[in-house]
Amino acid sequence: MKVRTRFAPSPTGYLHIGGARTALFNWLYAKHAEGEFVLRIEDTDEARNTQESIDIILNGLRWLGLEWDEGPMSGDPTATAQGENGPYFQSQRSAIYQRYVDELKATGHVYERDGAIRFKMPRDPITIPDLVVGDVVRKLTDREEQDPDFVIVRADGKPVFHLVNVVDDLEMGITHVIRGEDHLSNTSKHLALMSALGRTPPQYGHIPLILNANGSKMSKRDSGASIGTYIDDHFLPEAVVNYLCLLGWSPKNDSEVLPIKDVVKLFDLPNILRHNAKFDMDKLQWINGEYLSQLDSSRYAQLAQSAFESQGFSLHPFGSEYVYEAIATTQGKMRVLSELGSYAGFYFKGDDDIGYDPEMVEKHLVPANINSMQRLRQTFDESKAFDPDAIQAIFKQTAENMGVKIRTLVHPIRLACTGTTAGPSLYHLISILGKDSVIKRIDRAIAKVHEATWIWKYTSTINVPPAGKPSSFWSSTKSPSPKSRSERRHPQRPRSNGCSPFKTVIFVISSTLPGWTIANWESKTSWPSWRTERRSSYWRATETWSKDRLLSPNPAEWWDSKRQSGKRNSTSKNQPQLKQENKRQFAEASWRRLTEVTGRL
C-alpha cells in the first residue's frame with residue numbers, strides 16, 4: 001500500500017510556524033516512504049476564509065520547497081487541480097459530504113436537533129493507536145458525559161470540520177495523518193465517525209507542540225510565528241526547513257545542519273520526540289548563517305542584492321563589479337540578510353551620508369587620533385597601489401613609525417569609512433571603496449573631531465578625558481601612588497603635583513558657543529565619583545571668553561584676571577594655599593597644552 005499523507009490548512013490567516021512544521025513532517029514521511037503528499041484547503045468557514053490567506057498558504061509552502069503531488073495549483077477553487085481525487089477545496093465538495101450524511105442517517109448514527117445534524121458519540125472510552133505516542137485511551141470529559149454528541153452539519157446546512165475531515169481522508173485514500181497532539185480529542189471523534197461508516201481509518205501520529213521560550217504555547221500573535229516573517233527578513237528557506245525538522249524530531253546523531261535529502265533518508269515517525277519543542281530564534285538564525293556561508297557566491301550575491309534593495313538601498317548607481325565585490329566581503333559574516341544594511345550599508349551611501357555611532361565617536365574621533373588619521377590619509381593619497389595587501393602594509397608601516405599598535409589606527413579609520421567599528425575586513429573594504437572615497441571620508445571624520453564638543457578637566461597633571469570620561473586621555477605627568485583614604489577609594493583621580501590639590505578648572509570647547517566657557521566642575525554630573533574631592537576653593541566664573549582673548553600670548557595675565565573674578569569658598573582657614581607663582585606656572589602649562597591641542601581653532 002502506497003503511503004499517502006496530507007496537509008489540510010484553513011485559510012483564515014497566515015501560515016503559522018506550527019502548520020508549516022506539520023506540513024513538513026507529512027511531506028518528509030511521504031518522501032521517505034516513496035509515497036504521495038496531498039494538499040487540500042479546508043475552506044468551510046466562509047465567515048473567516050480569505051483569498052489572501054489561500055495565496056499566503058500556497059506561496060509559503062512553495063517557498064519552503066514543499067511541493068505537493070496532489071492538490072490545487074492556484075488559489076482559485078474552481079481552477080484545474082493536480083490529481084484525481086479533487087476538488088481539493090472543501091467548499092466545492094458539498095455533494096460528496098451529503099452522501100455520507102445520508103449514509104449515517106440510514107444507519108441511525110445521527111439525529112437532528114434545532115435544525116443541526118448531530119452524531120451519536122459512543123459513551124465508552126476510545127483507544128487511539130498512535131504511531132508517535134503509542135496507544136492513547138480517550139475518555140469522555142465531565143462536560144462531554146453530559147452531552148457527548150456533536151454537530152456534523154450546522155443548521156444552515158454547512159458541514160463542520162469533523163465530518164469533512166473524515167470524509168476527505170477516506171475519499172482521498174489518506175493512509176497516515178500526522179498532526180499536532182492538540183488534535184487528540186478530535187481523533188477520538190473521527191475514529192467513531194469512521195467506525196459508524198464501516199471504513200478503515202488511516203493511521204495517526206500526533207507530534208509535539210511548539211512552545212515559546214517561556215513554555216507557553218506559540219500562538220499566532222507571538223514573534224516568529226508566521227512563515228511570512230522569514231520570507232520578509234530574507235531567511236533561506238532551506239535553513240528554515242532544516243530548523244523546523246529539529247522541532248520535535250531528532251536524527252539521533254546530534255547533527256544540526258542537515259541537507260533536506262539527508263533528512264528524507266533519516267526521517268521516520270518513531271524518531272519523533274515525545275516532549276514539546278521550544279522555539280529558539282537564536283538557533284534558527286545560527287543555522288541560517290551556516291547556510292549563508294555555504295551558498296554559491298553568485299546566489300548569495302543575488303539574495304544579498306535583493307535584501308539591500310528591500311532595506312532602501314539603491315544599488316543601480318554603482319557598477320556591477322563594485323556591487324559584487326562589496327557583497328562578497330559580507331558572506332559568512334552574518335546570520336540573517338536583514339542585517340546587511342547595518343553591517344555593510346556604507347558601501348552604498350554617499351561619502352557625506354555616513355552616520356557615526358555616537359558612542360564610538362566619543363571613543364575614537366578624538367583629538368589624539370587626528371595625527372594618525374592625517375598620516376594614513378596622506379599615505380593613502382601618495383600610494384600608487386590600493387589593493388588590500390598594499391593597504392595592510394600602509395597600516396603596519398604607519399603604526400611602526402608612530403610606535404603604536406595597529407589597532408590604534410584601525411578603529412578611527414574604520415569609523416570614518418563605515419560609521420561603526422565592526423564590519424567587513426577593513427583592508428578589503430578600503431580597497432573596494434576606492435582612494436577618493438576613503439580620503440573624503442577621513443577628511444569628514446577629522447572635521448567631525450574639530451566640530452565636536454569636548455569637556456576637559458584640568459588638574460596639575462593636565463588630564464584630558466573626552467566627553468566627561470574620568471579616565472585620563474593624556475597626561476603631562478605621571479600621578480604618584482594614592483596615599484590618602486579618598487585617593488585609595490578613587491585611584492583614577494591623579495594626586496596634586498606642584499599646584500593646589502583643590503583647584504579644578506573646566507574648559508568647555510564647543511562649536512555651538514561663541515567661545516570657551518570656564519565652569520565650576522562641581523556642577524558637572526559627568527564625574528560623580530569625583531565629588532569626594534576636597535573643595536576648599538574653586539572658580540565660580542562662568543562667563544564666555546572669545547577665542548582670540550583666550551589665545552592671548554600672556555596666559556599669566558589671563559590667570560590673574562580669573563583669580564580676581566573668582567570667588568573663594570574656604571571651608572577651613574588652616575588649609576594650605578599655593579603661592580601665586582605656582583598658580584601662574586600651572587596656568588602657563590595649561591595654556592601651552594590648550595594651544596597645542598586646539599591650535600587649529
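Contact here means heavy atoms within 4.5 Å, and axes are lines fitted to C-alpha atoms, for helices over the stretch in contact, with angles running from 0 to 180 degrees between N-to-C directions. The model is a predicted one, so to speak of local features takes a pLDDT of at least 70, side-chain atom pairs count only at pLDDT 80 or more, and totals for chains, interfaces and linings use all residues. Residues are numbered from 1 along each chain as its sequence is written, and side-chain values use heavy atoms, with hydrogens and water left out.

First, the overall picture. The protein has 23 helices and 17 strands, taken as DSSP runs numbered from the N terminus (helices H or I, at least four residues; strands E, at least two). Of its 601 residues, 48% come out as buried, that is, under 20% relative accessible area, with exposed being over 50% and partly exposed in between (1.4 Å probe, protein chains only). Among contacts with a separation of 6 or more, 71% link residues 24 or more positions apart.

Next, the cores. A nonpolar core is a set of buried Ala, Val, Leu, Ile, Met, Phe, Trp, Tyr and Cys residues joined through side-chain atoms within 4.5 Å. The largest one holds 106 residues, and Tyr347, Phe380, Phe395 and Ile430 have the most contacts inside it. Helix H1 (residues 17–32) is its top contributor, giving nine residues. Apart from this core lies another, of 32 residues, including Ile126, Val166, Leu193 and Ala196.

Three strands line up as E5-E6-E9 in an open, antiparallel sheet, where two strands pair if DSSP finds at least two bridges between them. Strands E5 (110–113) and E9 (150–153) sit at the edges, each pairing on one side only, and the twist averages 45° from one strand to the next. Four bridges join E5 to E6 (residues 116–119); Val110, for one, has Phe119 as its bridge partner in E6. Helix H3 (residues 94–106) lies across E5, E6 and E9, at about 65° to E6.

Finally, helix H5 (residues 161–171) is largely enclosed by the rest of the structure, because nine of its eleven residues are buried. Among the buried ones are His162, Asn165, Val166 and Asp168. Their cover includes strand E1 (4–7), H3, E9, strand E10 (176–180) and helix H6 (184–197). After H5 comes Gly173, with a positive phi near 70°.
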